[in-house]
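User: I have a structure open and want to learn how to read it. Can you take me through it feature by feature?

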Protein chains: 2
Amino acid sequence: MAVYTDISDEELEAFVAEYDIGTVVSCKGIAEGVENSNYLLHTDRGPYILTLYERRVEPEDLPFFLRLMEHLAENGIACPTPIHGRDGKVLRELCGRPAAIVTFLQGLWPRRIMPEHCTEVGAALARMHIAGESFPMRRPNNLSVAGWRKLYEHCADHADDVRVGLAREIAGELDVVESAWPTDLPKGVIHADLFPDNVFFKGGSLSGIIDFYFACTDFLAYDIAICLNAWCFERDNSFNVTKARLLLASYSRVRPIDDAELDALPLLARGSALRFLLTRLYDWLNQPEGALVTPKNPIEYLHRLRFHRQVGSPAAYGLD
Amino acid sequence: MAVYTDISDEELEAFVAEYDIGTVVSCKGIAEGVENSNYLLHTDRGPYILTLYERRVEPEDLPFFLRLMEHLAENGIACPTPIHGRDGKVLRELCGRPAAIVTFLQGLWPRRIMPEHCTEVGAALARMHIAGESFPMRRPNNLSVAGWRKLYEHCADHADDVRVGLAREIAGELDVVESAWPTDLPKGVIHADLFPDNVFFKGGSLSGIIDFYFACTDFLAYDIAICLNAWCFERDNSFNVTKARLLLASYSRVRPIDDAELDALPLLARGSALRFLLTRLYDWLNQPEGALVTPKNPIEYLHRLRFHRQVGSPAAYGLD
């Protein structure tokens, strides 16, 4: 949960007047998104989401994220669409922060993942990858393999406070993953954070994807690997191969996964587990004073990493 | 801000099916209310507020609060109205907690208090007091004078950690206020927590009052005294007599303030400042581990208390 900024009524009304969306009826900070402040804004025309970009999000990346959402929505992907102001702009300033208004998406994110959710997610991810093919902007993935060692170095001295032996285990993983990381898989726009709380469902069907603030240009199969970690493990950290099979099968019905991608999947999944282990470890060790967000336990991802490490072939993910 | 409970989609859909309000479209935890978890629930019929009663609120008090909101709404006060389920009930259980759905109120609460807000609040408070006359239920105010010494005793040993001399100053106040507290002023339903974040405005007019979870039966003039503290001090703790005059004048145009109430006002305001000083001090000294709420600074209310202590007559509040 995160609402870092209290917007005054005068500032809000002046801000909304820059758009042709009616007048403010109510505005409530919502417990969604960790990086930014999000508000459910009602005008007399309906609900919208107002986002204030607070931390971590680099202002120079915002045009990429906002244009991407618009591009994907134009290409049939259910995702928030930035609203253009009367001056044509989608990005302006509120309370000294970059701010945007996007469309409101219906649906609830699933708290308990059922196999059918994985089927829906696989297909939606593939559709998003295809829709992204025509997107002209590029953004490097600074949370991929090239960025992990730096994260590790920031955490190494204190990693063993979280679990004895953790620093050494991560160092060993880094060596393996860095040297084996693929270089020539199909690339494109990836979401890079497609966790259950970023996917809405309504009546059993996927109704939308949100939170494109980690989106970047990277291997499409790496996005699949992230989803394996995000959707196919149970709360006890066991791997649910049925969910993985459904996710991969439904993805590949929309966008076939080629052999090189398949072969790379165990390593990409291992790298993806390492990425979330490292960022969670960093957040765990660097909790700001008076933080309103409880950091997530990094060890969950150590278990996932170990699972992928022992995977001999992509068949372990339920593929035939 | 406070959202203490994550409601699963299945539980939510089953819960909402108990009501004739349509089907769930979305549900987002909102940063409102400190004691309870609040969600902005959209169904295909429109927005509602869902509240899970978490802490401090005694389950046996809930029928009083919910019936009061219903009674006030029936008597023309703009406030949330509990929705009755298909079985007629307004109170049921969700995620192991008492829960209710109430109507959604339009408006924004004012971040910067203007004199006109005080005019509106005075009149609304008086209208609420009159509408409460016919409410048959009673609830003692356990945060009035009889409850303060116990709160003080819980804080006394550590009060001076917050400010040197604070324990002694509070003890002296308690002695004065306890012995001088009135016994025979007009009583009725009071809101008891009518701070700016509980009052919504739309287009300059008051559009609703929320959060009746401190409401109780007490001196009506004590509610006025709370509003003097809540609405008529500036951020530098100076007293704005213009705002007080407007608040009191507009209150008394709707419900005349009698002489005994007027005479008691400085003492009631002093007691009300002591009440918020004590509860804030208690919260400050008893911050739960991993709390998602930053407690409010108690010292603000020490300054207000000192202001009322030096008030010689109600004329200091701008009355002619």
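Analyst: Start with burial. A residue is buried if 20 or more other C-beta atoms lie within 10 Å of its own, exposed if 12 or fewer, and partly exposed in between. Keep in mind that this is a predicted model.

User: Is A:Cys95 buried, exposed or partly exposed?

Analyst: A:Cys95 has 16 other C-beta atoms within 10 Å, so it is partly exposed. A:Cys95 sits in the loop between β4 and β5 (97-103) of chain A. Look at its backbone too. Its phi is near 55 degrees, a positive value in a residue other than glycine.

User: Which loop holds A:Ala192, and what is its phi?

Analyst: The loop between β6 (187-190) and β7 (199-202) of chain A holds A:Ala192. Phi of A:Ala192 is positive, about 75 degrees, although the residue is not a glycine. A:Ala192 counts as buried, because it has 21 C-beta neighbours inside 10 Å.

User: What does A:Phe212 touch, leaving out residues up to four places away in sequence?

Analyst: A:Phe212 is in the loop between β8 (205-209) and β9 (216-219) of chain A. With 23 C-beta neighbours inside 10 Å, A:Phe212 is buried. Not counting residues up to four places away in sequence, A:Phe212 touches A:Phe65, A:Leu68, A:Met69 and A:His191. A:Phe212 and A:Phe64 are 148 residues apart in sequence, yet their C-alpha atoms are 9.6 Å apart.

User: Now sheets. How should I read one?

Analyst: Strands of a sheet pair through backbone hydrogen bonds, either parallel or antiparallel.

User: What is the strand order of the five-stranded sheet in chain A?

Analyst: The order is β1-β2-β3-β5-β4 (chain A), in an open sheet with antiparallel pairing. β1 (24-29) and β4 (92-94) of chain A are the edge strands, and each pairs on one side only. On average, neighbouring strands are turned by 35 degrees against each other, direction ignored.

User: How many bridges join β2 to β3 of chain A?

Analyst: Seven bridges join β2 (residues 37-43) and β3 (residues 46-52) of chain A, and the two strands run antiparallel. You can check one position by eye: A:Asn38 stands opposite A:Thr51 in β3(A).

User: Which helix lies across β1, β2 and β4 of chain A?

Analyst: That is helix α1 (residues 9-16) of chain A. It runs at about 120 degrees to β1(A).

User: What does β1 look like in chain B?

Analyst: Six of the six residues of β1 (residues 24-29) of chain B are buried, so the strand is largely enclosed by the rest of the structure. β1(B) pairs with β2 (residues 37-43) of chain B in the antiparallel sense, over five bridges. Two positions show this pairing. B:Cys27 has B:Leu41 as its bridge partner in β2(B), and B:Gly29 stands opposite B:Tyr39 in β2(B).

User: How do I test a helix length? Take α3 of chain B.

Analyst: Helix α3 (residues 115-132) of chain B has 18 residues, which should span 26 Å at 1.5 Å a residue. Its end C-alpha atoms are 26 Å apart, which agrees. Then check burial. 14 of the 18 residues of α3(B) are buried, so this helix is largely enclosed by the rest of the structure.

User: Which residues of helix α9 in chain A are buried?

Analyst: In α9 (residues 299-309) of chain A, they are A:Tyr301, A:Leu302, A:Arg304, A:Leu305, A:Phe307 and A:His308. These buried residues pack against α5 (166-180), α6 (220-231) and α8 (259-285) of chain A.

User: Last, the two chains. How many residues does each bring to the contact?

Analyst: Chain A gives 27 residues and chain B gives 27 residues. On the chain A side, α1 and β1 each supply at least two residues. β1(A) provides the largest share, six residues. By class, the side of chain A that touches chain B has 13 nonpolar, seven polar and seven charged residues.

User: How are the two copies related?

Analyst: A rotation of 180 degrees, with 0.0 Å of shift along its axis, superposes chain A on chain B with an RMSD of 0.0 Å. The copies are therefore related as by a two-fold rotation axis. Of the residues of chain A, A:Ile30 comes closest to that axis, at 2.2 Å (C-alpha). The copies meet through the same surface, because 96% of the interface residues of chain A are also interface residues in chain B.

Definitions and conventions
Residues numbered from 1 in each chain as written. Chains lettered and ligands numbered in written order. Predicted model: local features only at pLDDT ≥ 70, side-chain atom pairs only at ≥ 80, totals over all residues. Pairing = 2+ DSSP bridges. Helix = DSSP H or I, 4+ residues; strand = E, 2+ residues; numbered from the N terminus. Axes fitted to C-alpha atoms, helices over the stretch in contact; angles between N-to-C directions. Contact = placed C-beta atoms within 7 Å. Nonpolar A, V, L, I, M, F, W, Y, C, P; charged D, E, K, R; others polar. Least-squares fit on C-alpha atoms with pLDDT ≥ 70 in both. Expected span 1.5 Å × (residues − 1).
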